[in-house]
Amino acid sequence: MPSAPLSNVLRLKARGMRSYRGDTGVNLTSVLMPARAPDADPATPPVTFRLDGREVTVPAGGSLLDALRDRLGVRSPKDGCSPQGQCGCCTVLVDGQPRVSCVTPVKRVASRSVQTVDGLDPTVRDGWAAALSATGGSQCGFCTPGIICRLEGLHAKGGALDERPALDRALAAHLCRCTGWQTIREAAALVGAAGGAAAVEADDGRDRDAAAARAAIEGRNPQAVGAAVALGRGGFADDLAPEGALVAVPDGAGGWAVGDTPAEARAAAGKVQGRRSTIEVGYPIDVPDGDWAFTLQTTWVEPAYLETDAAWCAPGGEPASPLGNGGAFGGKVHSPVSAAARELADRHGRPVRVLWSREDAVRGGPKRPPIGGGIGADGSGVVRVARTPGVAAAIAAVAPELRVEEVDVVGPPTSVDLRAAGWAEALVLRSAVTGAGPVRSPEGAEAIAEIAADGAVRVRVSCGDPLDAVVLRSYCIGATHMALGWVRSESLRVDETGEVHDLTIRSFGVLRAADTPVIDVEIEPSEDPPVNGSDAVFAAVAAAAWRATGYPPRWPVAP
């Protein structure tokens, strides 16, 4: 049997299940599916279209994104929510018009022209990449290939790239968790001022090693910096998987469903499309009893990184890291996909890609530990927090005057690895008593923020040698965007049994471009050793946003 063609092996074992548990403790039940994709009816004529200037032919079933990534090997369109059609990362141009490819059936592009960011005129493509790199408009680079296609489509129709209303309308189909939108708008303005992307200078003369060093400090993970990153070439795990690798996805029963393509594997798993819940936002931890000057309750919040967890491994090899080109704000530090890729590859005797869908990331990925806290006028208080390893120490490191009570709650997993988890909440609570002064992170960075009457946010940060002001500013703008959403709009509906009900990326409450104010960042020069500054900015902006709304006792303030 091992020497038989794979298609025969798969057919013979199409309905077989094998469960095993490796030394990682991950349940690696696998289901082998038929080699023929479930949506590829041999009686249906294939689809032919022009892709980036060349004619291609693919089976008629599935989405355009499936065809691009898994039939044709084009990896610049990214899968951030497929098939929800809500993040914009898979946007391409169809006959010059932006289309979200994960919800576009491939049969609809028959005899048409499909253009990815790779197929743009090289001077146009490189000009967009240079503009995004120059402004810090691309950090991990996962969302920017789709955004480039969108904005180039706008420009080709004569749309104004330097007018915010037009940009915000164009960006309404997209989400970006890293950049806070402002640097993307600035890149568009550069292209507009130059008369088009082809006229943008391709080299800004920056020290790329220094920029990458600052990006690693802010993202807490090695990260490439440069124009290629904006084109989606930063080195994401699933983009680098070898051709012909099997695909494994969670089967909904604690194991993995395996197929030749993501579509096959998802069909094996019986994947059901996620929905947005209509239940009310819940607050799992009560405020402790006491005579408090201020109280605060937070709810479940999704990290909402755009690239969902992915890894791949060859038999006997080391798995690719799901951290890819960025740290995912701490959300993937302990992701199970790498261990699963290693053990599944060894079991199947060939490379295996392990992929989480958006719904899998919401259900299985860690959340910020919710709190219920109170603080008195003298600065003493109590913070009750979801029991999480390390959270009590994180709070004590910045606010020893606050007593910590860890509480067992029913709900999704929590982690102290997420951006400033625990200590940001403590500093925000303390700021209600101490006033609008700077906040100091455990690493020694200081940040202060204020929100003007027109909604603009002004931030000043001191975090040692900036190394690269463009990268540092971009991260601080992104942290500002995340903090505003945390206070104002972000939440995750979880029922009394602990089941997460908000499973679409738009249901998390991440601020859209149109809802994001102008953000001004001032970086204090220093020759001290560099430390992370964006986490301090995150805490400072959250404190300022809470102050600006009059210290309401529950976040988000407008669920």
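Reader: What makes two strands a pair in this predicted model?

Author: Two strands pair if DSSP finds at least two bridges between them. In this predicted model, five bridges join strand 3 (residues 47-51) to strand 4. Five bridges meet the requirement of at least two, and therefore strand 3 and strand 4 count as paired. The two strands run antiparallel, and Val 47 stands opposite Val 58 in strand 4.

Reader: Why are strand 4 and strand 6 said to stand at the edges of the sheet?

Author: The open sheet has five strands in the order 4-3-7-5-6, with mixed pairing. Strand 4 (54-58) and strand 6 (97-100) each have a single partner strand, so one side of each lacks a neighbour in the sheet. From one strand to the next, the twist averages 40°.

Reader: Which helices lie against this sheet, and at what angles to strand 5?

Author: Helix 2 (residues 64-71) packs on the sheet and touches strand 3, strand 4, strand 5 (91-94) and strand 7 (113-115). The direction of helix 2 makes about 105° with that of strand 5. Helix 4 (residues 144-156) lies across strand 5, strand 6 and strand 7, and runs at about 35° to strand 5.

Reader: Why is Ser 138 called buried?

Author: Buried means under 20% relative accessible area. Ser 138 has 16% relative accessibility and therefore counts as buried. Ser 138 is placed in the loop between helix 3 (122-135) and helix 4.

Reader: What makes the pair Ser 138 and Thr 144 a polar contact?

Author: The limit for the N or O atoms is within 3.5 Å. The side chains of Ser 138 and Thr 144 are joined at 3.5 Å, so the pair falls within that limit and is a polar contact. Not counting residues up to four places away in sequence, Ser 138 also touches residues including Leu 132, Thr 179 and Val 229.

Conventions: Residues are numbered from 1 along each chain as its sequence is written. This is a predicted model: local features need pLDDT of at least 70, side-chain atom pairs count only at pLDDT 80 or more; totals for chains, interfaces and linings use all residues. Side-chain values use heavy atoms; hydrogens and water are left out. Helices (H or I, at least four residues) and strands (E, at least two) are DSSP runs, numbered from the N terminus. Axes are lines fitted to C-alpha atoms, for helices over the stretch in contact, and angles run from 0 to 180 degrees between N-to-C directions. Contact means heavy atoms within 4.5 Å. Buried means under 20% relative accessible area, exposed over 50%, partly exposed in between (1.4 Å probe, protein chains only). A polar contact is a pair of N or O atoms within 3.5 Å; within protein, one must be able to donate a hydrogen and the other to accept it, and residues adjacent in sequence count only if both atoms are side-chain atoms.
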